[in-house]
Amino acid sequence: MCKMLSRSMTKNPLLLLQSWLNEAIESDLQPNPDTMAIATADSEGVPNARMVLCKEINAEKGYVVFYTNYNSVKSIEIKENPKSSALFHWDKLGYQIRIRGEILQSPDEENDAYFATRSLGSQVGAWASDQSNPVENRQALDDQFQQILDRFNLTNESITRNEQKIPRPPYWGGYRLWIEEVEFWLNRKDRLHDRLHFKRSLTISSKGIETGDNWTVKRLQP
Ligand SMILES: Cc1cc2nc3c(=O)[nH]c(=O)nc-3n(C[C@H](O)[C@H](O)[C@H](O)COP(=O)(O)O)c2cc1C
């Protein structure tokens, strides 16, 4: 069956975002189907992209969530300029999704709840890594891991057993990328791919987040 994109499918385009991600996960065609690139910009406006895992799509409110270290380079850049772009690509399905919007930190309760679902090894790793900062050598990084094991009275055996939990480091948590624009790209014959671009209003201020209910939609040439 020929896949196509039509405007009528997408009163709320974020449902289509959710549905493509679900399809990518269920089709099991690649490891880490929930990976997306997140681009930020440094204080001079120079772009910087890296992969992260998309841990939630909230199609109703209109954001995607990823988790990271709040002292990392990306976090420093987000603090200076919260505008960001995200990109999903599922090659075997012929799908690309581009997002633009603004990033805000997730609430602490949500961060605690998500951190508690992680394996003990990942939890210790989050404490042990001063993400994005230089380290003398690999041994020094392994020593940092061991120091965290000691701090929480754990051993490598506890990591293997994976029966214990430790609290979330205060410098580790989630970000919500609030979506202002989203574009779907569907691979089609003769490079005449389908592209649908959606935009709505998004205002983030000290008063809170205001999103427009109506999306304007444009079909773009490939
Ligand atoms: C498939 C994949 C998934 C990744 N997922 C995450 C993630 O969810 N969170 C994260 O902080 N880094 C993740 N990384 C590492 C980042 O790409 C990056 O190296 C790290 O966050 C440091 O980026 P920064 O120095 O720009 O802050 C992932 C890398 C790959 C290749």
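Let's start at the ligand: strand β2 gives the largest share of the shell around it, 5 residues. Strands here are DSSP runs of E with at least two residues, helices are runs of H or I with at least four, and both are numbered from the N terminus. Before going on, keep in mind that this is a predicted model, where local features need pLDDT of at least 70, side-chain atom pairs count only at pLDDT 80 or more, and totals for chains, interfaces and linings use all residues. Residue numbers run from 1 along each chain as its sequence is written.

Back to the ligand. In total, 15 residues surround it, and the closest are R50, T68, S72, K74 and S132. A residue gets into this group if its C-beta atom, placed from the backbone, lies within 6 Å of the molecule. Which elements supply at least two residues each of the shell? They are β2 (47-53), β4 (63-69) and α2 (73-80).

V52 counts as partly exposed because 18 C-beta neighbours lie inside 10 Å. The cut-offs go like this: with C-beta atoms placed from the backbone, a residue is buried if 20 or more other C-beta atoms lie within 10 Å of its own, exposed if 12 or fewer, and partly exposed in between. Who does V52 touch, leaving aside its neighbours within four places in sequence? Its contacts are M36, I38, F66 and T68, where contact means that two C-beta atoms, placed from the backbone, lie within 7 Å. One of those partners, T68, is also among the closest residues to the ligand. F115 is 63 residues from V52 along the chain, and their C-alpha atoms are separated by 16 Å.

Is G45 buried or exposed? It is exposed, because it has 7 other C-beta atoms within 10 Å. Find N81 as well: G45 and N81 are 36 residues apart along the chain, with 8.8 Å between their C-alpha atoms.

Helix α4 (residues 120-128) and helix α5 (residues 138-151) meet at an angle of about 115 degrees, with their axes 9 Å apart. The axes are lines fitted to C-alpha atoms, for helices over the stretch in contact, and the angles run from 0 to 180 degrees between N-to-C directions. That angle makes α4 roughly perpendicular to α5. For such labels, under 35 degrees is roughly parallel, over 145 roughly antiparallel, 65 to 115 roughly perpendicular, and the rest oblique. Which residues make the contact? On α4 they are V124, W127 and A128, and on α5 they are Q144, F145, I148 and L149. This set divides into 6 nonpolar, 1 polar and no charged residues.

Helix α5 also holds Q139. Q139 is exposed, because 9 other C-beta atoms lie within 10 Å of its own. From Q139 to A37 the C-alpha distance is 29 Å, and the two are 102 residues apart in sequence.

N32 lies in the loop between α1 (13-27) and β1 (35-41), and it has a positive phi of about 50 degrees although it is not a glycine. N162 lies in the loop between α6 (156-161) and β7 (172-186), and its phi is near 55 degrees, again positive in a residue other than glycine. N32 is exposed, with 11 other C-beta atoms within 10 Å; N162 is exposed too, with 12.

Finally, zoom out. The protein has 6 helices and 11 strands, and its C-alpha atoms fill a box of roughly 55 × 45 × 30 Å along the principal axes. Of its 222 residues, 24% count as buried. Among contacts with a separation of 6 or more, 63% join residues 24 or more positions apart.

Notes:
Nonpolar A, V, L, I, M, F, W, Y, C, P; charged D, E, K, R; others polar.
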